[in-house]
Amino acid sequence: MSHHLFLLSPSDTPLYSLTHYSSKPSQSTSSPLASNLPSWSTSAFAGTLTALSGASSASQTQHGQGGTVKIGGGQDRHVIQMIANASLDAIEEVMRKESVMYLKSVDKFNEWTVSAFVTPGNMKFVLLHESRNDDGIKAFFNDVWELYVKTMLNPFHTAHTPIRSPVFDARVRASAKKHL
Amino acid sequence: MAIFGLWVINKAGGLVYERSFGDGLPHLTSNEYLVLAGTLHGIHAITSRLSPTGSSSGAHVISGETFKMNILLTATGTKFVLLTSLVEPTADSMLQKVYEIYADAVMKNPFHTPEMPIRSEAFDTRITTLLG
Amino acid sequence: MSYPQPHPRFSVLSNSSLSSAEHLSPASSSRFSLPSAPSINTATTPKPGVRPNIYDRPLNKTRNAEVSAAAFAFMFSEIVQYTQKRVSGINDLERRLNTLGYRIGTRVLELMAWRNESAAKAPKRETRFLPALMSIHTHVWRAVFGKPADAIEKSVENADEYMIIDNDPPITRNISVPRDMSSLSCSSFTAGIVEAVLDGLGFSARVTAHNTPNDQYPNRTTILIKLEKSVLEREEALKT
Amino acid sequence: MTIYSLYIYDRHCACVYYQDWHRTVRPKLAVEGGLLPAVYAPVYPSTNPDDASYSNRNTLASSSGVVVAVNEDVPRTPLPTQSSHSPIAQLPPPPTSSLSFDEEAKLVYGVVLSLRNMIKKLSGKDEQFTNYQTSTYKLHLYETLSGYKFVMLSDPNADSLRFVLRQIYSGPFLEYVVRNPLVEMDSRERGIDNEYFRMSTDRLVRGLTVFQ
């Protein structure tokens, strides 16, 4: 069960991304996309979707083996990034109304649910995940927020420089392992 | 019990600031003050060499019959001279306060170049409130 | 005229300055007293001799991480002198001070928000302009200058202008502008901070600083905030 | 509370007399020709010890005058090197000041003169410079109408010693210098030092409460 984290600067340039394969058994397996299609949809439409989300078929097989990493045809990188970017609009829209930072499952695509965390400085953390793990994600976002604030205090870091510090990376992975 | 004047002399002996209060002492031209400040700078250096018991600081107090000059030499070489009446007990604490105002209103002012005459009117107003 | 506090301190600006005590003894820097968010890096205590990096330092306002106001005043005076040598006029100088302030503003916003909200169950953000302005007036000013600003005014003629008034801004307390540059206000540094905070919260605006002395407060300064049209329209839309 | 030294200058800006008491940094030998004879024996630069022109003057004075007080340890042949009457001879050789004596005397006079002019200019009226104080000593000045300047160095927190200088002027100075025919007062070539004047000044100063 994998998670994808993206850190986007206020001008929506990605600063940092992380793919995390969680070893925890996922509580509820999300139903594959094809099944939650309304019955009246034509098969042609279903065909394109499965092509589009090559992920769905692959993820089913992946559930079985649990923690083993499945390399190759699995989740296509560009599909994930497309989902993340697509969710930005949803985040923008929700962000204006709600005044809370942690936006729980803002968007849904295939089996991916997207939850986000918006800092007051309009910095967005976008997390794609499959299983519902509410407080784990919240704690994870809190840690990432703390690490981000610490990175920001570095006088040489501007809002648009990608974060390449290995310590930041190690700390985020440690937190991911702990919470997700 | 009166304060007659204040001089600030930079470490090269040049007069960078001069104020006189009341009419205890006659007001001289700025040119004369410059000359006096220069001589005082020289004297101050000599007095520290005349000590009969080894090394000594420069003159602290130079007194005439009706007034005296209290001199504070700072670590950076700047001299503050306060002209007061003979029996002015608060001269030293006044000098310390002047030094504090100098540190605040002059040295922290970005538009003041060190060792140059002091132009900041914040310094003027605060000196007036303290000594005026 | 004595200072209100004997040793005034600006705390938040100083957080990036690692106090020498912590720096020299890495062992002590492994002692994290983060009451709020449990610091995740307790697992990897720094090995002796490893240079403590930015992630090891606690984010809360610690007593010894504060810088004296005098040190800040000298540094700010040096900043102004440095900038003044490289500009060709007062507006240019103010614009540069503004950009310097902007960089500080982005960090002030994040740090202040983290300090206030990190302990909360559901951390909140300002989404409407007026509460944002209020929080700038009190929280940002207290975080940066140690005292809330003195007044907020909404200009009568044009709807998109708001003003934050500070009777005795600490950073320009020691600065006396010479007569020939009298229109310059070094508080454009503060204007930069305000502009950054507003931009961060999504209300982009042009912020300038103006000297508005009155007999009681010779150093009185007004920070003029000119909102952009889009922000105004969005505020209207959200109001309904 | 001690008194360190006494300088007397005549109106031609020359140092004509010097005496010290508790001065720890001994004055250095004067440069040849920089100092008048008969000012202060130990620092007078004599080219060869036996032909001390200065010394026979001393014998003449003591034999003819009425012996007021016999000072046993006064050496018959005053050799400049043997400063026996200074009380601390037996200690390790005391530090001598970096300035040679005549330079020091000129500096003292220079300081006194410029301070006098400064005080006059500042006060506008004919005001006298009285003393100045540093961290280790205090210098007092008393000027007579005839242009003689009496300069005394004491410890910093002594109060004004003008009256002491006045006593020295009205006492020993009048008695053993002005009224002493053998002392050429305004001569520009010789100091005014002589036995009686030195002893009575010494006695007067040692008798002061200020002097410990």
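Predicted model: local features only at pLDDT ≥ 70, side-chain atom pairs only at ≥ 80, totals over all residues.
Residues are numbered from 1 along each chain as its sequence is written, and chains are lettered from A in the order in which they are written.

Visitor: How many residues of chain D are in contact with chain B?

Guide: Two residues are in contact if their C-beta atoms, placed from the backbone, lie within 7 Å. Chain B gives 27 residues to this contact, and on chain D the number is 31.

Visitor: Which element of chain B gives the most residues to the side that touches chain D?

Guide: Helices (H or I, at least four residues) and strands (E, at least two) are DSSP runs, numbered from the N terminus. Two elements give two or more residues to this side, strand 3 (61-63) and helix 1 (30-47) of chain B. The most, 6 residues, come from helix 1.

Visitor: What is the bridge partner of Ile62(B) in strand 5 of chain D?

Guide: Strands pair if DSSP finds at least two bridges between them. Strand 3 of chain B and strand 5 (residues 131-133) of chain D pair in the antiparallel sense over 3 bridges. There, the partner of Ile62(B) is Tyr132(D).

Visitor: Is Val167(A) buried, partly exposed or exposed?

Guide: A residue is buried with 20 or more other C-beta atoms, placed from the backbone, within 10 Å of its own, exposed with 12 or fewer, and partly exposed in between. Val167(A) has 16 within 10 Å, so this residue is partly exposed.
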